[in-house]
Amino acid sequence: MKGQIHAFKVFDKNLVLDVGSGSLFEVDNTAYEILKLLEEGYSEEETISKLRRIFNLEEIKETIEEIKQLIEKGLLFVKADIDSALEKIKGENRVKALCLNVAHDCNLRCRYCFASKGDYNLKRNIMPRIVGEKAVDFILKNSGNLKKLEIDFFGGEPLLAYDTVKHVVDYARSQEKNYNKKINFTITTNAVLLNDEKIHYLHENMDNIVMSLDGRKEINDRMRVRLNDKGSYDEILPKIKKMVELRVRDKKSYYIRGTFTRYNLDFAEDVKHLSDLGFSEISIEPVLAKGEDYEIREEDLNIIYTQYEKIAEEYLLRKNTNKKFRFYHFNIDIYRGPCVYKRLIACGAGREYFAVTPEGDIYPCHQFVGLEEFKMGNVFDGKLDEKIMEKFKNTHVFAKKDCIECWAKFFCSGGCSANNYKRKEDLNTPDKVFCSMQKKRIEYALYLNLQNASEMERKNILC
């Protein structure tokens, strides 16, 4: 029964997740201990023997019978139907989203930058308009029957290529109607170059805007520095606030994205700081690093778990106030979540999602850019390397031996392929430190789902 259910405690609740169906149960102490032992592989007889010194024997037997009834009704120990989803992964070749690295250059020198201070260990360059046009043509022609597509403007700092960004948006709008498709646009910016004109343009034309800020001034300015080694907090904060005010007013999407390192293992304080500033859409991500003094290590995990607990507590304290916020890693919807197909493949890098460099070279995603062995083609010929695509078709959770029996597999989808490769030199070997963080985030996300659920949604409850 390993990997079929997961029994865990959050605050005052005993919770049990049925992995196959995604159903979440709140249970009493007897049911919790029984299901915990069943999860660990103990038989019914062994379970009774272990628990009879703690609970009344009749109560144990009655609870086991109730559990059996739930199993018979198909509510517990459900086997997920994944065969059709796996066939879909093998058979489909279509482009759903592109990350356009419009600028391989940056006006910051963030110490933890995975993109080698913006140039990805390639030459510093700005994407010409013609490359942007060819990228739009590529996604429109290779998206199959998909109607909704996405283009993300990325860097480096994409506002260094502001003219290219505007040209790509105009060109895409002129072409998408010919294919009966709609392209949504996102931009990720460090906010340094924002001014009134750019703020207005981005607000009007971007479906989502991601702005980078690590939290408290001293934390942000330790890592996110200008070319002169001075911090960026004071310069960017007023610009970010101005943008957020517009997004909130017009009910448009945005979020503030930060990074935590070993230097701010108390990152719950950064989440609170961002919320206090009036930002309601917040993400604080663990740094992607290997061999650096600021990288996250296994011995940091207990501190990090405590931070996620504090963020969950703060979320509940603030949810009915004007300081309410959403934390990106808690955004799981067990009632209206993605289908099994999407849960198997994570972001779709190298299959549905690709990155394009200023020269037009295509990579599985922005984090693979600059790794020659992952160059898949070029937008000028519009062809993709079939062998590399095949590798990424085999990065689903059931191709990862560490994930097959993991209770979290349908929520994390086996982790980030780029992270796996950079830390383990293998697409299909998840890093245990990142796995552990992910599992803890998922537990709190599930708990918060239960707290936010309506009475109708809370029907799958064991008393």
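**Sheet order, a crossing helix and model confidence**

In strand S8, Asn184 is the bridge partner of Glu150. The structure is a predicted model, in which local features need pLDDT of at least 70, side-chain atom pairs count only at pLDDT 80 or more, and totals for chains, interfaces and linings use all residues. Residues are numbered from 1 along each chain as its sequence is written, and side-chain values use heavy atoms, with hydrogens and water left out.

Strands S7 (residues 148–154) and S8 (residues 182–189) pair in the parallel sense over six bridges. Pairing requires at least two bridges found by DSSP between two strands. Helices (H or I, at least four residues) and strands (E, at least two) are DSSP runs, numbered from the N terminus. S7 and S8 belong to an open sheet of 11 strands with mixed pairing, ordered S12-S11-S10-S9-S8-S7-S4-S13-S14-S15-S16. Its edge strands, S12 (326–327) and S16 (383–384), each pair on one side only.

Helix H6 (residues 162–176) lies across S4 (97–101), S7 and S8. It runs at about 170 degrees to S8; angles run from 0 to 180 degrees between N-to-C directions, with axes fitted to C-alpha atoms, for helices over the stretch in contact.

Lys310 lies in helix H11 (residues 301–318). Lys310 is partly exposed because its relative accessibility is 40%, between the limits for buried (under 20%) and exposed (over 50%), with a 1.4 Å probe and protein chains only. The C-alpha atoms of Lys310 and Lys290 are 27 Å apart, at a sequence separation of 20 residues.

Average pLDDT (predictor's confidence in each residue, 0 to 100) is 91 for the chain, and 92% of the residues score at least 70. Over residues 458–463, pLDDT stays under 50. The model has 17 contacts (heavy atoms within 4.5 Å) for this stretch beyond four places in sequence. Where pLDDT is low, predicted coordinates should not be read in detail.
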